[in-house]
Amino acid sequence: MEAAAAGRRLIGDTLGFHLFFVLFGVALPLLICGLEAYSIWKKRPAARATAHEWSKALVVLFIAGAVSGTIVSMQFNLLWPIFTSLAGKVVGISFALEGFAFLIEALFLTIYMMSWKRFTLLQHWLCSLPIVLGSIGSAIAITTVNSWMNTPQGFKLDGHGNPIDINTRQAVFNPAAGTEVTHSILSYLFATTLVLLAIYAWIAWRHKKGRPGRRLQKMMVGLAALAVVFGVLVAFAGDQAGKFLAKNEPAKLAAIEGLQQTTTNAPLLVGGVVSGSEVKHAIKIPGLLSFLATGHFNGKVTGLNDIKPSDRPPVIIHYFFDGMVMIGMIGILIPGLYLIFKRWRPKWAHEKPMLIALFVCGFLGVIGAEFGWLVTEFGRQPYVIHGVLRTADAVTQNKAVIGLGETFPLLYIILLALTIFGLRKVFHPAEVLNESR
Amino acid sequence: MNLVDASILAAAIFFAIYGLACSVECGIALSFLTGQQKQTSKYFTPLWEVTNVFLVFGFTTVAMLFNNALPALSHALLSTLAVGLFALLIRACVVLVLFYWRPDHFPKWGAWLFALTCFTIPLSFTAAGIYLITGQLFWQTLVGWMLMLSALLGIVAIGWLTINDRSDTRKLLSNELLFAAWLLFLGSFLPLSILYSGSHLQKWPVAAIDLLSIFGLLVAYLATTGRTKFKLKYYAGLMGLATPLLLALANRPYLVHGKIKLADAFGAASYAGAFLLGSAIIFPLVLLGFWLFIKLIKQPSR
């Protein structure tokens, strides 16, 4: 394997691994903060106990996330020096802001965890606000870097490929920033809510005596409602992102749909098999792609024929995109169905098939978020900074990376296994529900 | 001082703080090896991993502000820093096992692995720092070896002093003796090797390290003879913070000694001021947080 290929694989593995923790690192603080606020407002100690339990899980996930985040940061600099050198000059402030936000999050998380029994209720809740600010702030900062990679602006290149006339504000507030930040953060909230719902569905499933307790049911209803709300918001943000792609990143959209020719009334392809640069045997819904991309069934959508062959992304992202959308729909449908059953057919709501479906949704939520990032990253290929820097030119040629590419993933798997082991040791949501009955 | 010097000092401060945090962790690891975990178990928490944020910050500062040097640095330091990254991952695994498996009883292999990784991480980053100061990998020069040994002694001294508040002369190695050995090394062998090697490091920061070391020896002597109640760990911490800063100053005007100048490497004129201002604002907050953290550890829960 070449050094460049090894470098690409390694950063892909690292980011895929890190994203698992990012999901929870961004969403859990907000959910915990909300639950604790609710417990203070409504004077519900049980809700506070649950928030405490969730925060224990957050710590275990944060530890692994802090380590993988450190590795991501250093690998970017070591394996992608050309990219980081260029990006550092233009959007380095976003990297720095992410660092500031992470610092605040880490610091206050430590204080927050140590002060559950040491501060007053209000003091303790106030400590959660900087954690929320830090986690969401760091996600916003780093996602603006990614959006800048998709729609780079705020600089020009001189004859040697060095950026000049740098306008940091323009670079940070690039066209893709709004849609990408909104879509990604909402999807983290959606996926995390689905995972929490899956955990409580698992508890209900394991419940041996008849219907689950009132508090467990209440928790499941609350999380299912949240999942539906976040899911709808993700879908809305995704629709905006699709329209944005059609206008600003047509190559990515054409690859997602395997659209060969620029056309009006373009069909949306569902399923199918990717063969070369085409999608075969897919279900075609006439005009829907045009409608989703432009708002009109006769809208014109750019096809791969209008993209230089050397600039075309791999059509394999069609799978990731379909997977993401499918999971998003299932993630809204199943919790929605649970809520409907709970209201009109309460017996069905806690039957085994429903609980299994909710449990599976938890896994799907995480996979969906991973698919979303795969669409973004593969869809920008062969560029690392769209139209500016090709991936092959940005990665290190240092052969030492070949060995690293083999060993790091093994350690990631071990760390993930130990994180799950740690979670099993400290995270006991069922006990909290039983205690507070 | 201009923006470029301020930037390299900011990076040195973040690395120095990370070095201190690592040293304390090494102290905890040493306590496990010497069977003193009962004294230090309250300090052993996976939350230590959050101190990695200083490493990220230090590294981000160098990579973002001195971005012109990044391709050269990446090529020279990939293997050196990869060792630290491996150790970082392994330590996280070991911490999770030790903390959640049987927190009351550490298996010997776990304690050894924890200690090994705890030492490897700061030493790997020290090796990278040595490359910046000497322009060569640490094993290639005498100054490199001296700096590495001095870092090792410093980590042991700071870690040991932090976990052993009071001196015990019955021990094989008393706190004062360990501290004095580090300072002797830092104050005599290191400057001598710098002089001997004909290095072009600036002289006054090296002289300042000398002076601080002599003063530290005096403090250690006073502490040994019981004439002062001043805790050596604070002085050791101060030395741990000051030494990387002074070495960064001594290395001016170079980022990589004799190879890349700071001014040539600096490529963030458009936002370096905002970055440094942000760091200056956030720094007191970080100190406040750590103060609160220590207070909370000591305070009993309600």
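A residue is taken as buried if 20 or more other C-beta atoms lie within 10 Å of its own. In this predicted model, helix 3 of chain B is mostly covered by that criterion, with 14 of its 14 residues buried.

We turn next to a helix pair formed across the two chains. Two packed helices are described by the angle between their axes and the distance between the axes. Helix 14 of chain A (residues 400–426) packs against helix 4 of chain B (residues 70–100) at an angle of about 20°, with the axes 9 Å apart. Because angles under 35 degrees count as roughly parallel, helix 14 of chain A and helix 4 of chain B are roughly parallel to each other. Their crossing is left-handed. Helix 14 of chain A contributes residues including L404(A), L411(A), I414(A), L415(A) and L418(A) to the contact, while helix 4 of chain B supplies, among them, L78(B), A82(B), L89(B), I90(B) and L96(B). By class, this contact has 18 nonpolar, 3 polar and 1 charged residues.

G258(B) sits between strand 1 (254–256) and strand 2 (260–261) of chain B. With 12 other C-beta atoms within 10 Å, G258(B) is exposed. Its C-alpha lies 8.9 Å from that of I133(B), although G258(B) and I133(B) are 125 residues apart in sequence.

Notes: Residues numbered from 1 in each chain as written. Chains lettered and ligands numbered in written order. Predicted model: local features only at pLDDT ≥ 70, side-chain atom pairs only at ≥ 80, totals over all residues. Helix = DSSP H or I, 4+ residues; strand = E, 2+ residues; numbered from the N terminus. Axes fitted to C-alpha atoms, helices over the stretch in contact; angles between N-to-C directions. Parallel < 35°, antiparallel > 145°, perpendicular 65-115°, else oblique. Left-handed = near helix turned anticlockwise from the far one by under 90°. Contact = placed C-beta atoms within 7 Å. Nonpolar A, V, L, I, M, F, W, Y, C, P; charged D, E, K, R; others polar.
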